[in-house]
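The entries follow the order in which I looked.

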Amino acid sequence: MSSLLRLATAGSVDDGKSTLVGRLLYDTKSVLADQLDAVTRASVDKGLSTPDLSLLVDGLRSEREQGITIDVAYRYFATPKRSFVLADTPGHVQYTRNTVTGASTAQLAVLLVDARKGVIEQTRRHAAVLALLGVPQLVLAVNKIDLVGYDEATFTVIAEEFAAHAESLGYQRGSVLAIPVSALEGDNVATRSERTPWYSGPSLLEHLEEVPVAPDPHDSALRFPVQYVIRPRTPEYPDYRGYAGQIAAGTVRPGDEIVVLPQGIRSRVERIDTADGPLAEAGAGTSVTLLLTDDIDISRGDLIAAADAPPRITDEITGTLCWLSSKPLKPGARVLVKHGTRTVQALVDELHARFDEQTLSSVDSPASLELNDIGRVTLRLAEELGVDDYGVSPRTGAFLVIDPKDGDTLAAGLVGERFS
């Protein structure tokens with residue numbers, strides 16, 4: 001079992017995400033004494049008799065004053081069984097872009113619903129985004145179960161409705177678990193609650209500790225976007241030529257045959273340098289400098305990949321966009337595409353479809369994509385890129401669409417067909 005789990009929370013406004021995260025931090029003793037004292041004082045000032053655990057998460061002043069989460073808040077906690085990196089994402093529709101950011105690296109997502117409201121429009125939207133991002137495991141936390149009297153029938157109706165929706169998005173029944181919780185009271189968060197005797201499953205924390213995670217990216221083929229070329233040209237290192245970056249996927253060892261893309265030139269790895277000395281092997285997420293046996297003209301934005309399993313070289317990308325801008329996207333628009341460390345000019349060639357996450361259907365050939373729309377598009381690139389399908393390699397199967405005028409991010413894109 002992996003010792004690290006990356007997870008994200010999502011849900012509608014006031015479903016209790018921040019309180020749930022605060023409860024997890026509190027119950028796993030991941031809160032410093034001075035933090036808890038500050039939260040206790042702030043809670044007393046608000047007239048509360050118990051600490052408002054959501055204040056452990058909602059760090060921005062505007063969030064505390066409004067009682068909502070705006071930014072993606074990354075939290076770190078651990079138990080004796082596993083360590084966790086949690087992204088608490090906002091619930092407002094206009095901040096769906098932040099949900100995309102927080103869930104993009106998640107191995108599991110906790111999707112909250114209010115037991116009094118059940119599955120609503122934003123629940124379906126978030127589930128669709130999580131499915132498109134390929135998040136493999138879902139937990140439906142039916143929160144505020146205390147406010148419906150710990151009623152089993154209410155929980156069952158919500159759980160069955162969501163299970164059917166998740167299944168229609170491509171999730172298998174075994175990859176979705178519904179848990180009745182009360183983040184405020186602590187029921188079924190860290191330990192199982194006696195107030196839900198009809199529920200026989202694990203608590204949320206027990207499930208997070210035991211759930212199997214997606215395959216390690218170390219097992220994929222090598223993908224190494226070059227960030228910087230190191231040429232000291234000093235008396236000590238007159239001929240040193242190293243290619244620095246972070247390994248996006250796979251592992252690399254001295255002697256491995258590689259291919260430099262988009263040029264298609266082959267070579268072998270001579271050495272793997274780091275600030276702490278050379279390595280015999282390096283895996284995904286490690287920042288290294290690669291030295292090759294041949295002198296090759298390589299620059300920032302090039303991709304060093306496994307020679308026996310290279311990505312596809314193309315000047316055209318068909319993929320799924322989550323449109324994040326208030327400016328609509330229309331065919332013929334000129335944009336920039338950032339893929340790995342390379343940014344190229346592109347033209348929006350065609351809008352194939354827009355996905356309706358409520359009806360789980362698609363609208364063919366839409367005139368435009370509006371804020372928070374999800375659509376399938378084709379982009380024509382001014383230069384070739386080495387890309388993978390997002391389902392094969394998320395790091396080299398993802399890209400950003402950028403406004404060339406002001407540099408604003410317009411969309412997050414996934415290579416390949418995520419819906420039809």
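**Entry 1: the chain as a whole.** I began with burial and found that 52% of the 420 residues of the chain count as buried. I note at the outset that this is a predicted model. I looked up the secondary structure next and found 7 helices and 22 strands in the chain. For the accessible surface I have about 19100 Å², with 48% of that belonging to carbon and sulfur atoms. I also looked at contacts between residues at least 6 apart in sequence; 70% of them join residues at least 24 apart.

**Entry 2: helix α1.** I asked how many residues of helix α1 (residues 17–27) are buried. The count is 9 of the 11, so the helix is largely enclosed by the rest of the structure. I listed the buried residues, among them Lys17, Ser18, Thr19, Arg23 and Leu25. After α1 comes Lys29, and I noted its positive phi, near 55°.

**Entry 3: nonpolar cores.** The largest nonpolar core has 40 residues, and Leu133, Val135, Phe162 and Tyr171 touch the most other members. I recorded the elements that give two or more residues to this core, including β1 (4–11), β4 (108–114), α5 (121–132) and β22 (409–415). Which element gives the most? I found that α5 does, with 6 residues. This core draws at least three residues from each of domain 1 (3–210) and domain 3 (312–415). A second, separate core has 25 residues, including Leu5, Phe84, Leu112 and Tyr199.

**Entry 4: salt bridges.** I counted 19 salt bridges. I first followed the one in which the side chains of Lys144 and Asp114 meet, at 3.7 Å from N to O. The pair links distant parts of the chain, with Lys144 in the loop between β5 and α6 and Asp114 in strand β4, 30 residues apart. Asp114 counts as buried at 1%. I also noted that Asp114, Arg116 and Lys144 are linked in a network of salt bridges.

I then turned to Arg342, whose side chain meets that of Asp302 in a salt bridge of 3.2 Å, N to O. Asp302 lies in the loop between β14 (287–292) and β15 (303–306), and Arg342 lies in strand β18 (residues 342–356), 40 residues apart. I found Asp302 buried at 3% relative accessibility, and Arg342 buried at 16%. Arg342 also meets Glu383 in a salt bridge, at 3.0 Å from N to O. Here strand β18 is linked to strand β20 (residues 374–387), the two residues being 41 apart. Glu383 is partly exposed, with a relative accessible area of 36%.

**Entry 5: aromatic pairs.** I counted 4 aromatic pairs. One of them, Phe155 with Tyr199, is edge-to-face, with centres 6.3 Å apart and 75° between the planes. Phe155 sits in helix α6 (residues 152–168) and Tyr199 in the loop between β6 (176–180) and α7 (204–210), 44 residues apart. I found Phe155 buried at 8% relative accessible area and Tyr199 buried at 13%. I then looked up the rings of Tyr237 and Tyr240: their centres are 5.8 Å apart and their planes at 75°, so this pair is edge-to-face. Tyr237 is partly exposed at 41%, whereas Tyr240 counts as buried at 15%. Finally, I recorded that Phe155, Trp198 and Tyr199 form one aromatic cluster.

How values were computed: Residues are numbered from 1 along each chain as its sequence is written. This is a predicted model: local features need pLDDT of at least 70, side-chain atom pairs count only at pLDDT 80 or more; totals for chains, interfaces and linings use all residues. Side-chain values use heavy atoms; hydrogens and water are left out. Rings of Phe, Tyr and Trp (its six-membered ring) pair if their centres lie within 6.5 Å; planes under 30 degrees apart count as stacked, over 60 as edge-to-face and the rest as tilted. Helices (H or I, at least four residues) and strands (E, at least two) are DSSP runs, numbered from the N terminus. Buried means under 20% relative accessible area, exposed over 50%, partly exposed in between (1.4 Å probe, protein chains only). A nonpolar core is a set of buried Ala, Val, Leu, Ile, Met, Phe, Trp, Tyr and Cys residues joined through side-chain atoms within 4.5 Å. Domain bounds come from an automatic or database domain assignment. Contact means heavy atoms within 4.5 Å. Accessible areas come from the Shrake-Rupley method with a 1.4 Å probe; for residues, only the protein chains shown count as cover. A salt bridge is a side-chain nitrogen of Lys or Arg within 4 Å of a carboxyl oxygen of Asp or Glu.
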